Amino acid sequence: MAIVKTERHEDLPPPASQTGVIGWMRENLFSSPLNALLTVVSLYVIWWAVSGIVSYAFINANFVGETREDCTGTGACWVFIKARFGQIMYGFYPVEERWRVDIGYVLAAIGLFLVLSDVVKNKKWPAVYMFVFVPVVCYFLFYGGSFGLEVVETSQWGGLFLTLVLASVSIFVALPLGIVLALGRRSSMPIVRMLCVGFIEFVRGVPLITVLFMASVMLPLFLPEGMNFDKLIRALVGMSLFSAAYMAEVVRGGLQAIPKGQMEAAKSLGLGYWQAMGLIILPQALKIAIPSIVNTFIGLFKDTTLVLIIGLLDLLSIVKAGTTDKEWVGMATEGYVFVAAVFWVFCFGMSRYSIWLENKLHTGHKR
Amino acid sequence: MTAEAADLEVAKINKFRDPRYRAIFYQIVVVVLIALFVWYVGHNTAVNLEKRGIASGFGFLSQPAGFGIGIVLLMDYSSQTSTHLDVLIIGIINTLAVSISGIFLATLIGFIFGVLRLSKNWVVNKIAAVYIEVIRNIPLLVQLMFWYFAVLSVLPLVKDSIHIGDNFLINNRGVSFPAIIPASGFWLITVALLVAIVLCFVVKNWAHKRQDLTGQIFPVFWTSVGLIIVLPVIASLIMGNPFEINYPEYGRFSITGGWSLEPEFLALLLGLSIYTGAFIAEIVRSGINAVSHGQTEAAHSLGLSPGKTTRLVVLPQALRVIVPPLTSQYLNLVKNSSLATAIGYADITALFAGTSLNQTGQAIECIMITMIFYLSISLLISMFMNWYNKRIALVER
């Protein structure tokens, strides 16, 4: 009589405490008494925060109405944002002309989609469209004065529109300028190098506000009598120079990552400095630097709020002006929360894009 | 071809095709252009200043300022007699005050959240992630405005102050708490504190030597804490408690007595340290991640406790990665403190590049002095952090 089992016994399932939801919770939430305590405390904090936010922003909030009298709830009063929405988006841009801004948005959005997404492989024409066509058309659209469009002075520009104009123009100027500065900093000509290092280090050592003050107070002194820029251009000059210095350091980081052999190979093929840079070095260096460039751009986008201090009516300052309105007393929280949310959506979107791009570009150097 | 002929051949080549000559030529062009630009700007400025009747120079520094300042620390200031130089010094002190406290608080917040972000506890980890992602993506100025106008300004009036304990008051004029006013004999406490700090270093060196010789470990940290607490307490008892405690009390319109922190200062401090803390948390997380797991395993296999592993093995190596980006965050914090202008904290930018500039019209001088101040602070912090970085850097063979 055989008492030895000949066939294999069915595998037992793993202990219930080690798998599934319970196992995961035991490992990740309650692995030790301290950890369990932390979990409980954190869950309480989350419940407290989320319930507070939800009841403030939704349950006890007011959404319908026109005036301050409609703010009856204990929570947020989004009526304030709704009543001033046009101003928050466009500033004092004349209401009947706002379609021009919208067309500009659509053109830029198409360009951004073509340049940034994977849909079009050859980026030459999208780039020409985005960096030549759109800026020129937008200038004529926004400022007007030709093609039968009424002139809209820049002092009437404001809100999110102005913030976007500030950010895009600054980056548009700062990137090429930053590349030139970075090349200058790595140049073999001592005087050029010294000038570039001096400029970059000086600008990076001082706060943006002082640069903006300088642009708004000192620039008029530097220019000959009668020649005067408006406030927006002065702010743009300050912001562009400021971000160019940061951009230069980012590009320099990219340039330093390219092995010396690339330049030597280019030279041995008979390419001159600009040919080698334009065809061999910069494409590789900029590709490496793209995530950092996007990060610099996020910083620049957040820094546009500083124009409030020199009196431009960007998104933040137009909301701030709204909260000091006598008819809307006590709307500070709503206003600033709304501004924070808008900025958060833009910046978080850009940082996700930068991460996506980093993964996509992480090719060619893999082994 | 003879040697002379070859030389002739070279000499015939256009000098402009030689990179060396070309470089010199380009640089001369650059220098000439810059010189022309500077001359043009200088000339315009001189003409403009003359037209506006502004005498350039630093004479205005000794003129009376004639405006009031909200927050004055460590100085006497009167709007009648004090000069613009006093204004500059007050501005510098205020900037340094908020920057230094901000750096401490931001480092604390950053390290706590950086470590929480690495926690194996899923909930804790996500809380830290949400904090970092939310705060990093909202402009600092918006956060400052939020703290100042939406949080601190809606606190109760002075007469309805929130009490924490008996003597800790919170209202829309700031936070008040008991002050310690030194009386005669207070010097002994200060001396005792200094002696305690010196003794800590002595103990540390002695413990280190003893550990090298005998392998025995001495509890340096707790000894130091004990010294720093016990010595001043003994000194205080010897002199019969040579200080008074001044409690905040309700006055007619505001709180009198005690020490208080103004809402402007608090908003700036909170905004700066919460914002910078989020960046520091990311730096700390990536720094600790950069230490390979083998190091931890090796430390465990040598029998080091988890605490010692962190303190003696992981942190020293992580700090090498953390310090350089941490430096630039500190620099950012100091530079960002200039946003004080927007909420009315009297820092150097608001006072000197703001009010003084508007009163005197000396735009160039005021802005230049302000910029030089920030530049020298940047330089000092970089120098200190470079020294520290060199000290903790890997000693290679």
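**Close-up views of a predicted two-chain model**

**View 1. The contact between chain A and chain B.** In this predicted model, 46 residues from chain A and 46 residues from chain B make up the contact. On the side of chain A that touches chain B, the elements giving two or more residues are H2 (33-59), H8 (190-205), H9 (208-222), H13 (315-323) and H14 (332-361), each a helix of chain A. H14(A) supplies the largest share of that side, 10 residues. By class, the side of chain A that touches chain B holds 31 nonpolar, 12 polar and 3 charged residues. For the complex, the predictor gives an ipTM of 0.87 and a pTM of 0.87.

**View 2. Helices H8 and H10 of chain A.** H8(A), one of the helices named in View 1, packs against helix H10 (residues 231-256) of chain A at an angle of about 115°, and the two axes are 9 Å apart. At that angle H8(A) is roughly perpendicular to H10(A). Their crossing is left-handed. Of the residues in the contact of H8(A) with H10(A), 8 are nonpolar, none is polar and 2 are charged.

**View 3. Helices H6 and H7 of chain B.** Helix H6 (residues 187-214) and helix H7 (residues 220-238) of chain B have axes that come within 8 Å and cross at roughly 155°. An angle over 145 degrees counts as roughly antiparallel, and H6(B) and H7(B) are therefore roughly antiparallel to each other. The crossing of H6(B) with H7(B) is right-handed. Residues of H6(B) in the contact include Leu188(B), Ile189(B), Ala192(B), Cys200(B), Lys204(B) and Ala207(B). Among those they meet in H7(B) are Val220(B), Thr223(B), Ser224(B), Leu227(B), Pro232(B) and Ile238(B). The contact of H6(B) with H7(B) has 19 nonpolar, 3 polar and 1 charged residues.

**View 4. The domains of chain B.** The domain assignment divides chain B into domain 1 (3-50) and domain 2 (84-143 + 170-176 + 258-392). Between the C-alpha centres of domain 1 and domain 2 of chain B the distance is 45 Å. The average pLDDT of chain B is 84, and 94% of the residues score at least 70. Where pLDDT is low, the predicted coordinates should not be read in detail.

How values were computed:
Residues numbered from 1 in each chain as written. Chains lettered and ligands numbered in written order. Predicted model: local features only at pLDDT ≥ 70, side-chain atom pairs only at ≥ 80, totals over all residues. Contact = placed C-beta atoms within 7 Å. Helix = DSSP H or I, 4+ residues; strand = E, 2+ residues; numbered from the N terminus. Nonpolar A, V, L, I, M, F, W, Y, C, P; charged D, E, K, R; others polar. Domains from an automatic or database assignment. Axes fitted to C-alpha atoms, helices over the stretch in contact; angles between N-to-C directions. Parallel < 35°, antiparallel > 145°, perpendicular 65-115°, else oblique. Left-handed = near helix turned anticlockwise from the far one by under 90°. pLDDT = per-residue confidence, 0-100.
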